[in-house]
Amino acid sequence: MTLSARHPWVRALLDWSRGWWQVIRFGAQVLVLAMSPSSYRSSQRPRIVQSIYQATMPMLTGFVVLSAIAGLVIIRIVLATALSYGLSRYALDVLVRTLVLELIPLSAAMFAALRYAMPAGEQVRKMRMQGLFNTQLAAGLDPMRDTVLPRALAGMFAVITLAALSSATTLVLTYISVYGFSSWGLAGFTRTVGQVFNPVIVLIFGMKTFFLSMAVAIIPMVPTPREAGIGFGWAHAEVVRVARLLAVVLLIEMLSLVGNYY
Amino acid sequence: MSPPPELPPPADAPPVAHLDLKARLLLVGVLVLIGVSIAYVLYARGAFERKQTLVLVADNSEGVVVGQDLTFAGFPIGRVNRIELSKEGNARIVVDVPVKDANWLRESSVFTMESGLVGAPKIRAYSGVPSDPPLPDGAVRRVLSGDASAEIPRLMASVRDLIANLTSMTSSDAPLNRSLRNVQTTTETLNSPRGALGVLMGDDKDAKKIITTLDRTNALLARIDGLVLKADGLAVKADGFVTRADGLVAKADTQVFGERGVMKDAHATVAQLNGLLGDARNSLTKVDALLQEAQGIAGNTREATTDLIALRAEVEASLRKVAQLVNEVNRKWPFARDTEIKLP
């Protein structure tokens, strides 16, 4: 009798490790494909561009408006609280750090995951399980390059675009909330933004957004170890996938906070 | 070979016109947005400004962070770029000042680092003499430090002492409390039927004495009133006397100080006396001279007397010698007479 048979927790641990290894390996494959010039040949480019457009445009306006409304509420709360404590000179700093650096990338990632990456991942998983991948492989095509990569790149692009546009919108709203519709505070506002975005923070912000976009693009596409060939347990598999995604997002967020503030 | 199976089309994907163009525009737009954001952050951090360096030396750079502002009159004119330790163990705060703002800093500028209770220390520049030469690039200046939180232990110690003093002042056996209790007793006595007199005297017997004294004083005053009335009458009579005395005084004035008054004669007499005194003074002056001569004569006489005495002594000595000589001669001379007297 094997060790895993004697001890069920060993089997669970092995399944858990296997699942994560699958995610990491899949992610590495997608990354390699994304950095390969052959992935962007003229025959591939239209598919990639189309996927990017179809992933990003439908949710762009909605997310920007939603994040603007939520951002305005948070801006008002922070400004009013800081004013009541006589700490209004720190309000701008707090808003830039919390909204632009932390909340917006996180919300953009979760929004893109829910609106695009999870359904796209489900499509890819279904195709894999229906044997379409094998069929394409047999026909000499590369399903990873033709099917997975465009969707992954689209998911990553969507996260980065939502984060960039919402960050810019939030900065504009912050300026208007603090200084109004005039340009007298532009110098001070720019100085504060410059003080917040030092080289370390810019690097960590960029890396965080990139890794969040990768997590959102890759994890929904990876089947759980028990999914292959099993007709039941889909709901459980979805929960596991969402849990994985949230765990990775949380880990990335913690690492960025440690890098920024520790 | 059969053609590869096509991927199933998405169920709800509507056809998009000019998809490729829109997608490229989206890509370009996002790239431009990211590029502009990076450029804005670089501009905000002063990457496109010409800067000069100012080094501030402090004993302690605790709380100072890279990126914090150097302010002048409340406006940020520089940014801390680096904090390092010097060979002497001091903190060197390297501040980058844009050239356009560096004209506010002068050779005589003073730099301070003030630590409040909340927030990082604030680095400020003060320039008192605008006509001084501008601060050169790479200048090193000592920063004056002030820390509000360093006063807290002293403040706490003072507050502790104050509380201890207040506690001792307000304790039940403290002089203040005892005094207040006494004041309360006094107030109660004041409000009682004994009143202020009871407070002053403390004893009913003594208070009664005071009252008796007051009564007697009142009676005395009444009698004095009567006497005063009588004295008023006398005063009226005295007024009459005074009036008559005034008349006498006026006559006496005339007698004494009038044209033919005593004073005039007295003046003449005094003038005569003055003349006599002058003559007497002159006489006395001459007498003085005579006396001085007499004094001289007396002096000479004294000297002569002294000489005479000496002369006399010499003469006597000479006479004695002569006598001795004569006696010798008489003894030795054959014709000398025997002076011895022989008695029968």
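Tutor: Start with one term: two strands pair if DSSP finds at least two bridges between them. By that rule, strand 5 (residues 110-115) of chain B and strand 7 of chain B pair in the parallel sense, over 5 bridges. Keep in mind that this is a predicted model.

Student: Which residue is the bridge partner of T112(B) in strand 7 of chain B?

Tutor: The partner of T112(B) there is L144(B).

Student: And how many bridges join strand 1 of chain B to strand 7 of chain B?

Tutor: Strand 1 (residues 51-58) of chain B is joined to strand 7 (residues 139-147) of chain B by 4 bridges, and the two run parallel. In one of these pairs, V57(B) has R142(B) as its bridge partner in strand 7 of chain B.

Student: What do the strands of chain B close into?

Tutor: A barrel: 7 strands of chain B close up in the order 1-4-3-2-6-5-7, with mixed pairing. From one strand to the next, the twist averages 35°.

Student: What holds paired strands together in general?

Tutor: Strands of a sheet pair through backbone hydrogen bonds, in either a parallel or an antiparallel way.

Student: Where is the antiparallel part, then? How do strand 2 and strand 3 of chain B run?

Tutor: Strand 2 of chain B and strand 3 (residues 75-85) of chain B run antiparallel, joined by 4 bridges. L70(B) has G78(B) as its bridge partner in strand 3 of chain B. The two strands form a hairpin with 2 residues between them, and A73(B) in the turn has a positive phi of about 55°.

Student: How many bridges does strand 2 of chain B have with strand 6 of chain B?

Tutor: Strand 2 (residues 69-72) of chain B pairs with strand 6 (residues 122-126) of chain B over 3 bridges, in the parallel sense. T71(B) stands opposite R124(B) in strand 6 of chain B, and F72(B) stands opposite A125(B).

Student: How many helices does chain B have?

Tutor: Chain B has 6 helices, along with its 7 strands. Along the sequence the pattern reads α-β-β-β-β-β-β-β-α-α-α-α-α.

Student: What share of chain B is buried?

Tutor: Buried residues are 8% of the 344 residues in chain B. As for contacts in chain B between residues at least 6 apart in sequence, 55% of them join residues at least 24 apart.

Student: Change of topic: chain A. At what angle do helix 2 and helix 6 of chain A cross?

Tutor: The axes of helix 2 (residues 8-34) of chain A and helix 6 (residues 143-179) of chain A cross at roughly 95° and come within 10 Å. Angles of 65 to 115 degrees count as roughly perpendicular, so that is how helix 2 and helix 6 of chain A stand to each other.

Student: Which residues meet there?

Tutor: Q29(A), V30(A), L33(A) and A34(A) in helix 2 of chain A meet a group in helix 6 of chain A that includes M144(A), V148(A) and L153(A).

Student: How many residues of chain A are in contact with chain B?

Tutor: 25 residues of chain A are in contact with 21 residues of chain B. On the side of chain A that touches chain B, helix 3 of chain A gives the most, with 8 residues. By class, that side divides into 13 nonpolar, 11 polar and 1 charged.

Student: What about confidence? What is the mean pLDDT of chain A?

Tutor: Chain A has a mean pLDDT of 89, and 95% of its residues reach 70 or more. Chain B averages 83, with 90% of the residues scoring at least 70. The model scores ipTM 0.83 and pTM 0.63.

Student: Where in chain A does pLDDT stay under 50?

Tutor: Over residues 229-233 of chain A, for which the model has 1 contact beyond four places in sequence. Where pLDDT is low, the predicted coordinates should not be read in detail.

Notes
Residues are numbered from 1 along each chain as its sequence is written. Chains are lettered from A and ligands numbered from 1 in the order in which they are written. This is a predicted model: local features need pLDDT of at least 70, side-chain atom pairs count only at pLDDT 80 or more; totals for chains, interfaces and linings use all residues. Axes are lines fitted to C-alpha atoms, for helices over the stretch in contact, and angles run from 0 to 180 degrees between N-to-C directions. Angles under 35 degrees count as roughly parallel, over 145 as roughly antiparallel, 65 to 115 as roughly perpendicular and the rest as oblique. Two residues are in contact if their C-beta atoms, placed from the backbone, lie within 7 Å. Ala, Val, Leu, Ile, Met, Phe, Trp, Tyr, Cys and Pro count as nonpolar, Asp, Glu, Lys and Arg as charged, and the others, Gly among them, as polar. pLDDT is the predictor's confidence in each residue, from 0 to 100. A residue is buried if 20 or more other C-beta atoms lie within 10 Å of its own, exposed if 12 or fewer, and partly exposed in between; C-beta atoms are placed from the backbone.
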